[in-house]
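Me: I would like to learn how to read helices, cores and chain contacts in a model. Could you take me through one?

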Amino acid sequence: METFLLLMNGIGTALVPLNLGLLIFGCLIGLFVGAMPGLGSVNGVAILIPITFIVPPTAAIIFLAAVYYGAMYGGAISSIMLGIPGASTAVATVFDGRPLAQKGDAITGLTAAAVGSFVGGTVSVILFTLFAPPLAKVALAFNAPETFALMVMAFATFVGLGGDDIPKTCFSILIGLVLSTIGLDLISGQPRLIFFGIPGFLHGVNFLVLAIGIYGIGEMLWTLESTKGAVQISSIKFTFKDIIQGFRNLKDTVMAMTIGSFLGFFVGILPAAGATPAALMSYGITKQLSKNSKDFGTGVPAGVVAPECANNSASTGSMLPMLTLGIPGSPTTAILLGGMILWGLTPGPLLFTQQPEFVWGLIGSLYIANFFTLILNVALIPAFIMVLRIPFAILAPVIFVLCVTGGYAPTQSIHDVWLMLLFGVVGYVLRKLDYPVAPAVLSIVLGPLAEKAMRQSLIISDGSFNIFFDFSIKPIAATIMYIALVFLFLPLISVMKNKLFPKKT
Amino acid sequence: MKLTTRNAEIIVAIILALCSIALMVKSAQNRIDWTVEDNMGAGFMPFWLSVGMLICTIITIFKWFTKRSPQSTDEKPFIDPEANKYVYVTVLSLVGLILGTAYVGIYISLIFFLFFYLKYFSEKSNLFITIFSLATPVITFCFFEWLLKITLPQGISEPLFYPIYDLMY
């Protein structure tokens with residue numbers, strides 16, 4: 001009851017005219033920044049922090065949290081409409097969002113993204129409200145072995161993301177992992193795989209560079225070849241009835257929403273994990289558990305809902321360790337944490353008792369921000385659809401400009417823009433030869449996390465792999481590891497079963 | 001040799017196998033062993049992952065010889081001959097854009113890139129193409145430099161922007 005009263009006070013704080021105005025403004029800015037390739041919530045929040053010094057801390061955090069939230073929604077827009085991930089968190093949204101738009105059903109894709117984000121955001125805020133302190137302790141129990149087990153589970157779900165050609169799928173996973181090892185070794189600090197002594201490789205291969213290259217440039221080359229530059233991306237008609245139909249098309253996505261919301265929140269609260277792995281894992285697990293897993297990648301609403309639920313849920317989850325422990329769960333929350341210190345607040349367990357208006361104002365604003373971002377998203381669908389009405393000959397160079405600026409912006413290195421073009425051309429060629437490219441993108445995200453966690457664990461255990469499998473040493477890690485093994489072998493068992501006992505037609 | 005999908009499959013598989021070997025050699029410049037005392041060498045992970053890549057490509061090559069994959073039996077042209085120019089011109093113009101970005105700056109390069117691309121592929125009027133080619137870099141500049149405070153590469157054209165920066169800051 002006390003929590004409920006505090007929450008009501010928080011919602012009241014969020015509805016104060018200044019706070020509400022900032023919240024709506026923040027959601028709009030976030031949508032725009034999130035939709036721009038190469039820019040994400042980190043850029044939006046970092047750029048806008050100085051503006052917040054002219055308002056009270058509660059209004060400031062409400063504004064920045066709204067930017068964060070809006071960016072999570074916005075990342076899906078360019079993923080669906082253009083096939084370029086607006087942010088790293090929206091890469092998995094491309095897998096099914098883009099095919100939906102190409103089929104002329106962008107409305108379902110955009111509606112799925114908006115509703116998925118809303119559900120994920122709402123579920124996570126409720127979890128946040130009810131279980132913040134105990135969940136923070138769970139997050140603290142996650143050390144290197146548990147993180148590695150979680151990464152193995154993510155990799156196990158990749159098996160379902162590949163095509164029919166297993167060697168090509170494995171190649172895709174492995175090349176992603178090799179690319180993730182380029183740069184300075186995490187443990188010894190030695191440079192590795194620095195090709196031709198080019199210093200640009202020292203900072204590694206940015207995940208967004210690969211994603212924009214493959215899904216931006218590679219995708220455009222593919223479209224140019226198949227359409228011969230003559231037609232639009234897809235034929236689009238748009239009426240209010242279509243939006244209603246878009247909502248109706250989501251009736252089979254309950255499982256995706258559940259997985260995305262809960263998994264996203266859990267991965268989000270883990271320090272150093274964040275919304276990108278959450279979205280990718282959520283997509284993989286939803287695909288594996290779905291009855292229509294073969295349809296994933298061809299444009300199914302559940303393939304959009306799952307990652308969008310997860311990335312929004314994770315963004316709320318990542319605020320939990322920030323507020324309760326002073327540990328940021330993602331790069332954006334690290335900047336928010338810096339902002340809190342600048343505003344004169346001390347993040348940690350005492351924040352809830354010493355600054356209840358601030359904490360509960362933030363939590364209350366998350367409920368309101370979710371609602372307003374859903375409204376904004378659905379209301380702006382006609383504007384987003386207009387993009388597809390632009391003739392392809394004009395749209396294509398604009399997308400290339402977005403790719404080049406998006407490839408440059410994260411690291412501000414022209415080396416990365418060259419790499420992006422290389423990945424785009426190679427991705428186009430490999431895709432034509434039926435090499436699945438999604439596993440490579442996923443591997444480069446999780447590769448560094450997995451390698452670091454594995455090597456730290458093996459240093460702790462003096463090289464013994466028991467640290468991952470023995471319940472008496474690390475029960476959480478062992479449990480996750482065995483679940484991962486089940487996920488890994490499920491598709492293989494299914495393939496064996498089909499070969500041994502073929503279905504009669 | 002005509003570049004059919006079948007030919008492309010084997011050429012790409014051989015190139016990928018060679019790349020895998022090159023990665024193994026490059027990884028071996030670091031320590032690739034793993035002992036309890038010294039832990040994993042920096043090259044251990046990339047080396048063994050590259051070995052895995054090589055094995056995968058060898059299987060793909062084997063499948064090509066035994067014609068077990070759909071691509072190994074496909075005699076259609078790898079790139080649709082009618083669409084050749086779209087792919088090649090796009091890639092070459094992107095190379096030009098990035099080269100130009102590195103040397104004369106992104107804003108000047110964008111003008112030329114957009115003008116060339118629209119003139120080549122679209123049927124719009126010269127007036128539209130000129131306005132579009134000039135407006136896009138201006139919008140890009142306002143968004144990145146003024147709003148986000150992110151400086152995009154300006155190459156040798158950088159001094160041209162000093163007066164604008166004086167006005168902005």
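Reply: Gladly. Helices (H or I, at least four residues) and strands (E, at least two) are DSSP runs, numbered from the N terminus. A:Leu422, for example, has its place in helix H20 of chain A. The model is predicted, so local features need pLDDT of at least 70 and side-chain atom pairs count only at pLDDT 80 or more, while totals for chains, interfaces and linings use all residues. Residues are numbered from 1 along each chain as its sequence is written, with chains lettered from A and ligands numbered from 1 in the order in which they are written.

Me: Is A:Leu422 buried, exposed or partly exposed?

Reply: A residue is buried if 20 or more other C-beta atoms lie within 10 Å of its own, exposed if 12 or fewer, and partly exposed in between, with C-beta atoms placed from the backbone. A:Leu422 has 14 C-beta neighbours inside 10 Å, so it counts as partly exposed.

Me: Which residues of H3(B) are buried, and why are they on the same side?

Reply: An α-helix has 3.6 residues a turn, so residues three or four places apart point the same way. In H3(B) the buried residues are B:Tyr86, B:Thr90, B:Leu94, B:Leu97, B:Ile98 and B:Thr101. They cover an arc (that of the directions from the helix axis to the C-beta atoms) of only 90°, which puts them on the same side of H3(B). On the other side, B:Tyr88 and B:Leu92 are exposed.

Me: What covers the buried residues of H3(B)?

Reply: Two residues are in contact if their C-beta atoms, placed from the backbone, lie within 7 Å. The cover includes helices H9 (207-227), H19 (392-408) and H20 (414-432) of chain A, together with helix H4 (106-121) of chain B. The buried residues of H4(B), in turn, pack against H19 of chain A and against H3 and H5 of chain B.

Me: How many residues does each chain give to the contact?

Reply: Chain B gives 53 residues and chain A gives 48. H2(B) gives the most to the side of chain B that touches chain A, with 10 residues. That side divides into 33 nonpolar, 15 polar and 5 charged residues. Here Ala, Val, Leu, Ile, Met, Phe, Trp, Tyr, Cys and Pro count as nonpolar, Asp, Glu, Lys and Arg as charged, and the others, Gly among them, as polar.

Me: How many residues has the largest nonpolar core?

Reply: A nonpolar core is a set of buried Ala, Val, Leu, Ile, Met, Phe, Trp, Tyr and Cys residues joined through C-beta atoms within 7 Å. The largest one has 203 residues, and those with the most contacts inside it include A:Ile62 and A:Leu64. Helix H4 (residues 57-81) of chain A supplies the largest share, 18 residues.
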